[in-house]
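Reader: I have a structure open and want to learn how to read it. Where do we start?

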Amino acid sequence: MDSKLLRELESLLGPGSVLHKPEDLILYEYDGSVEIARPDCVVFPRSTAHVVKIVELANRFQIPMVGRGAGTGLSGGALARLGGMQVVFSRMNQILEIDIENQRAVVQPGVVNSDLSRSVEHAGLHYAPDPSSQKACTIGGNVSENAGGPHTLAYGVTANHVLGLELVMPTGEVIRVGGKALDSPGYDLTGLFVGSEGTFAFVTEIIVKLTRSPEAVKTLLAVFDRVDDATETVVEITARGITPAACEMLDGWTIRAVEAWVHAGFPLDSAAVLLLEVDGLREAVEPHADEIAEVCKLHHAREVRVARDAKERELLWKARKNAFGAVGRLSPTYYTQDGVIPRTKLPATLRRIEEIGKKYGFEVGNIFHAGDGNLHPIILFDARDPTQFERAVATSDEIIKWCIEVGGAITGEHGVGMEKDRLMPLLFSEDELNLMRRVRDAFNPRGLLNPGKIFPSGKGCGEIRIRPLPVKGADVAPTT
Amino acid sequence: MTTAARIVPDRVGEIVGAEFLVADPARLATYEVDGVRPCAAARPETAEQIVELVRLAAAEKLAAIPCGARTKLRIGMPPRKYDLAIDLTRLNRVLAYDPGDLTLGVEAGIPLCKLQSVLAEHDQFLPLAVPFFQQATIGGTIATNVDTPLRQLYGTARDYVLGMEFISGEGVRTKSGARVVKNVTGYDLHKLMIGSIGTLGVITRVNFKTFPRPHVSRGFLAYFADAAGAFELRGRIAASPLAVSTLEILSPQAAQIVARNTSSEVGSLPLPGEWFSTSHWILAAAFSGNERVLGRYTTDLTRMAEESHAENSLVIGDAERHSLWGRLREALPLMLESSPAATIVRLSTLPTRLGEMIARLQQIAEQHELPAALFARGVGVVYCALLPPSSGGEAIRRLARACGKIFESSPSFDGRAMIPWCPAALKREINIWGATRDDFALMQKMKTVFDPHGILSTGRFVGGL
């Protein structure tokens, strides 16, 4: 790291806002994925003006820069793959404006997702996208990855809730796209920038929509003795046009992992559970819940439990949202995928995942957004054994190939990042990838912002993939 | 004879077949855009043929405009150059429909009404109740991103288009997104295509999320002596737990046009009954659900209307509702046919500022002696139709001055304005897109990436893109 650059950064941000010692940097070399890449320095801007100056320095010294929120991402999107400067937004965490009547908020990128919802709770509003890591993850990170969450089934993903952005381009200009009002004439740049995985610009301000909280909520837990029955239930709920607010599935293996930690009352001998939620008007919720229970029974649910009160509901959701943490207790390392499939293919897909797991000698756990067809198969492996890691990747790749074969996609909410770049040619032709590259290069002409992401680098995975390190007893593992 | 006139018909005929080449002047007149007539129109059957057409255009520097039923081809500035129309109406198939997954993939030229009837067989629909519904194609609807009353509940195309296939200005067949309801694989290039009026590529396929069709719906109407009461009621509904599927506020003049019987196709749609007042400001909303839910909406909406000092309010059943909502859907075409120089300005603002904005628009219309009909969507959009009785030079000048004032005043409402429909003569006086903003530089970059030779719908979009 150029010491002149460090001095300039320190004089810009103050000494407590620049990290460059190896023992500090090691904390920023990973995110929630299995990827590792260490930055050369970490900086903490407190304003848009800081970010502009940081970008100017990166250009002057010709070093890569990458944005980071809370580092809960699951695809290596916020890692400094080619080194350089990691720009951490945790100190740009102000809610700048809340407009209750118009259901808008203006926030800085470092605002924690659930903090925004909490700050408008008194007015009966919330911010709808709710990734399972919502107590830690930031809105800026959510915007970069177009984050989802269990309730996006009914309420939509981040892109559906972002109206405008303030951007610091990798060339240093500050540009606003979208706005508080709808329908800005021109191309929908806001729509394009949400989910661009931090490869187009730094996001320094976000205008979001706030959603009215439902007056009634019912949460159901349906218990099944066969995985097929659970998946067939999801197929029928979807086909009947019942849109629950959330429809999550945990298979038996995951249930046992979670129950050992959270004690939510999931039956340990069951093959699968569905966690279903309906919300809306009081008059609508009751019959809605009854219809869902009826479909569950039709598909041989052993039991359909309705949470009696808010406390019971919270416990069920705690189990779901902390599931990946629970898995972290079982194994030093795990690999999770994020493929999406048409929901009609759920039963066949779960069967196929089991077969693929067996072929490679793994028991694959499944805990996922069933209502969206967004899978999260979990493969436990020991990273100290290189052959295991390779087999885990092979298992996962075969699952992804299946997803694409049945009409699906590679990633539903985690992003491509540095983890799935090599899979992109499975879905996109070279022409298509080239057009996307040219879009990126138009905004990011020198390639200094978040290099080495999304697009296959042309090298085999073994050559560029950095081996994961074993992390012992991670009680607070990243969640999804 | 220009190069284009010499080479276009022959080469185009080779690509699509002589039968699907339109070259005679009378038929070509129907492809005119703001008075500019192309040398030829091609009616390709496949995406491959479109690739060839665009490559031909790129090689020969011909300007092409993709189109469908041509109901919204007036949206945009006059083309800088226009040699070839690419008519997509023969690409009209449903390519994939998985009712169980509520997903759909269709070719761009499929008529919307045909598609809705396919979906209806499975009790599903797309929330695209767009104007010119009987003719409009999916491609044109998405390329112009016209909004509909249903955006209140369902949002706009960007909220339910899952992916797209399109042909770039270099003739490269490409896609983005997929046909699954949740997906972050690669950049969402299809979001750029929505509303880009054919300036970035030729859309050949669109994938959608479909929606279950509500079984029972009702309409709710509240009548007010002035606009303020209607907007107060909008605020009360927005702050309540009710989730209405449409919410429109109409000026008395707009209500009169909506309920006017004429000989045109939209003008002869069934008329609303006597219950429909044309002398009030009206808030019209729709809702659906089971009997108890319908009861709850009725009680709450009626109470809120009283609290907002409505003169009267009523709930109408599904059968009656259809007549009014059919006409609300066609409000813009009805307004267009009500004046020879009808000019429709679309504005957006924060919902709480709608009333203020409408008052200012009325004032501007009065100052310029222009009859005006206004309606607002509850989400924060206003359509202001300026309807001079003649299309002479004086009317155009007054329209130009009024539109200039509207553009000038919209920033004070945190708002945006553009003019989707107006006479071609007015486009010589004003830019229908208003002034560009600092994000224009980014838009230019996108145009250069997607259409480096500048051959697609050239000069028609924001800032001359």
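Author: With strand pairing. Two strands pair if DSSP finds at least two bridges between them. Helices (H or I, at least four residues) and strands (E, at least two) are DSSP runs, numbered from the N terminus. This is a predicted model: local features need pLDDT of at least 70, side-chain atom pairs count only at pLDDT 80 or more, and totals for chains, interfaces and linings use all residues. Residues are numbered from 1 along each chain as its sequence is written, while chains are lettered from A and ligands numbered from 1 in the order in which they are written.

Reader: In what order do the four strands of the open sheet in chain A lie?

Author: The order is β1-β2-β4-β3, with mixed pairing. β1 (18-19) and β3 (65-68) of chain A are the edge strands, each pairing on one side only. β1(A) runs antiparallel to β2 (residues 41-43) of chain A, joined by two bridges. There, A:V18 stands opposite A:V43.

Reader: How many residues of chain A are in contact with chain B?

Author: Contact means that C-beta atoms, placed from the backbone, lie within 7 Å. By that rule, 66 residues of chain A touch 61 of chain B. On the chain A side, α15(A) gives the largest share, eight residues.

Reader: Which helix and strand counts does chain B have?

Author: Chain B has 17 helices and 19 strands. Its C-alpha atoms fill a box of roughly 65 × 55 × 45 Å along the principal axes.

Definitions and conventions:
Contact = placed C-beta atoms within 7 Å.
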